[in-house]
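Please read them with the structure open.

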Amino acid sequence: MTTLAEAVGQTLAGSGVRHAFGVVGGGNILATAALTASGVHYTAARHEGGAMAMADAYFRSTGDVAVCTTTHGPGITNAVTALADAAKNRSGVVLLCGDAPTSGPRPHDIDQSALLAAVGVRVVRLTDTATAREDTAEAVRTARGGRCPVALLLPGDLTGRPVPGPVRAAAPPANEPPAVDDRDLEAALAALAGARRPLILAGLGAWHAGAGKILRQLGDRLGALFATTVMAGGIFRESPWSLGICGGFATPSAAALMGEADVVVAFGASLDAFTLHGGRIVDPGATVVQVDLVEGKRAPRADLLVHGDAHAVAVRLLDAIEVRGLPVSGWRSTGAAAVAEARAGWGSIAHDDASTADRIDPRTLTKALAALLPEERTVVLDGGHFIAWPAMYWSVPDPAGFVFTGAAFQSIGLGLAGAVGAAVGRPDRLTVAAAGDGGALMGLPELDTLARSGKPALVVVYDDAAYGFEEHMYLPQGADPATTTFADTDFATVARGLGARALTVRRLDDLGAVREWREAGCPGTLVLDCKVVSGVVAPFLADLLRA
C-alpha cells in the first residue's frame, strides 16, 4: 500500500525535483521521509523562513524547481516573508506543508489557503487521494512553467490514507509565448528607425526567456549600447559595448551615457524606480519601449508596450530591421572612449579612504575583496544600505550568479539562508554572501545550516552596528538614533560557535586570511566580521537624500 505522503514524495521526485529544504513537524515529517526515500536530497534548515529562502535562492541560481517543506500553522506563518519575496520575484518553488484535517479545523488551525493566497501563492489542497499524484505533478509543472510558488497542502487526516497505484502523468502543455501584436511591433520599429543613440536594456525576464544572444545580435545590428537591471547583471558581459547596471549602482560615466539615449528598448524589465533611479537615468525626451510578457503591464515611464516574450520579440524586430534596411547608429564610433571609461567600473574610480584606526571604509574593503574572489561566483545579497558596495564592485558571470534576497518584498534577514540555497544549487561556483549586521542577526540560525552544509562559502558582514539605511535616510528628518544604532556584535566569535571559520576585519591587512583560505581550496564557510565606518553613504542613497 502506498500512502498519500509516499505518493506525493514519489511524484515530486518523478517530476524532476532534486532538492528540498525544510523544517519537519507533525504535519510534514512523513512526507519529508517519502521525499528522501525517493532520492530527493534534503537540507534541514533551522527556521521555516530560512527553508523557503533557500528554495527560492536555489531556483534563482539554477533555474530549477526546489521544494520547501514545513509543518502546518506556525510552520507556514514563519515562512510567509520569504514566500512573499518568492512570489513577487516569480520564483518556481513548491511549498509542501501540513494542513487542517478534511473533517474541519482543529482549535490551533488557521485558514492557510487564505493566508497563502494573500501573498500571491497558488494553493493545491490534496483532498482526493484518487487524484493526488496528478495534482502533485501539475503543481510542479505550474511552478516550473509559470515561475511561481505553488503550495501543496496535506490534510492531517489523509497523509496515511492509501493512494491508487502510479498513474502516468500527462505531458506538460507546450509553453508557447504569446503572439506579438503587429501594431505594437510597428510602433517599436518606427521608434528605432529614427534612433540616433539606441540603448538595449535587459531585465530578468530577458534572462528567463534565454534572450541574451539575440539581444546582442539586435544591439549590434542597431549600433546600440547595452545595459541591464541589477537582477540581470552579466547578460552582456561578453560585449565591449555593455555599460553594466542601469540605476543607482551605475558609474557616473555609464549613467551619463545612458542619459544620452534617445530610444531605450527594455526587454523583461519592470522599469521601476530602482532601475530608473527615480527617473534620473533616462532622458525625459527619450522614447522608452517596454517589452513584457504580462499584458497591459506598461510602466509609467514607458511610451510604448510590446506584449510578448523577450526572445520572440527580439527575433521579430531583428528580422524586420534587416528587411527594411534600418540604418546603423553611429553612437558606438562617436562614444567609444566614453564607453571604455564606463566599462572600467567602480574599481577604477578613486575615493578618499575614510578608514579609521579600528574601522575600514566599505569601498576600500569591497574593492580589495573583488581582487580575491574567483570569477565564477554566486553573489548573494541580503537587504540594507550596504547592498551598494557589492553591487558596485563585484561583477557576476550571469544573472544566475546574483541572488538578491528580499529585494522584491523590501525585507532583510534572508541572505544567509539564500547562501545555503545557492551553495547547494551551484557547487561549481563559490558562494559569496553579503549582509548587514541587522540582516545577519535576523537570519543568524541559517549560518549554522550553511556551516553544516560543508559547501565553500564566504560570508561578508558589513558591520556598522546600525540599521544603516534608516540611519542615513531618517536621522536628518528627526528620527531617534536610539532606534537605529546598537552595541557592537562579535560576529566572528558567534560564527566560530556555529562551526564556521571566522575573523574580524578592521584593516586591509586582515584580508590575508581570505587569500590563505582560497589557496587552501575554500574549505567550508569563512565569515568576515567587517567593522566598517558608518559615515560613508552609498551614491544611490546620497542621490535620494539630495532629492
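Helices (H or I, at least four residues) and strands (E, at least two) are DSSP runs, numbered from the N terminus. This is a predicted model: local features need pLDDT of at least 70, side-chain atom pairs count only at pLDDT 80 or more, and totals for chains, interfaces and linings use all residues. Residues are numbered from 1 along each chain as its sequence is written, and side-chain values use heavy atoms, with hydrogens and water left out.

1. The second largest pocket has a volume of about 710 Å³. A pocket is an open set of points on a 1 Å grid over the protein atoms alone, where a 1.4 Å probe fits, with protein on both sides within 12 Å along at least five of seven lines. Volume is the space filled by probe spheres set on the points, which are joined across faces, edges and corners.

2. Its lining has 31 residues; G244, R343, G345, M392 and S395 are the closest to the centre. Lining residues have an atom within 4 Å of a point. β9 (242-245) gives the largest share of this lining, 4 residues. α13 (336-343) and α15 (388-393) each supply at least two.

3. Now helix α4 (residues 74-89).

4. α4 has a kink of about 50 degrees centred on V80. The bend is the angle between axes fitted to the seven residues ending there and the seven starting there. Just after α4, R90 takes a positive phi of about 60 degrees.

5. V80 is also among the buried residues of α4 (buried: under 20% relative accessible area, 1.4 Å probe, protein chains only).

Technical notes:
Buried means under 20% relative accessible area, exposed over 50%, partly exposed in between (1.4 Å probe, protein chains only).
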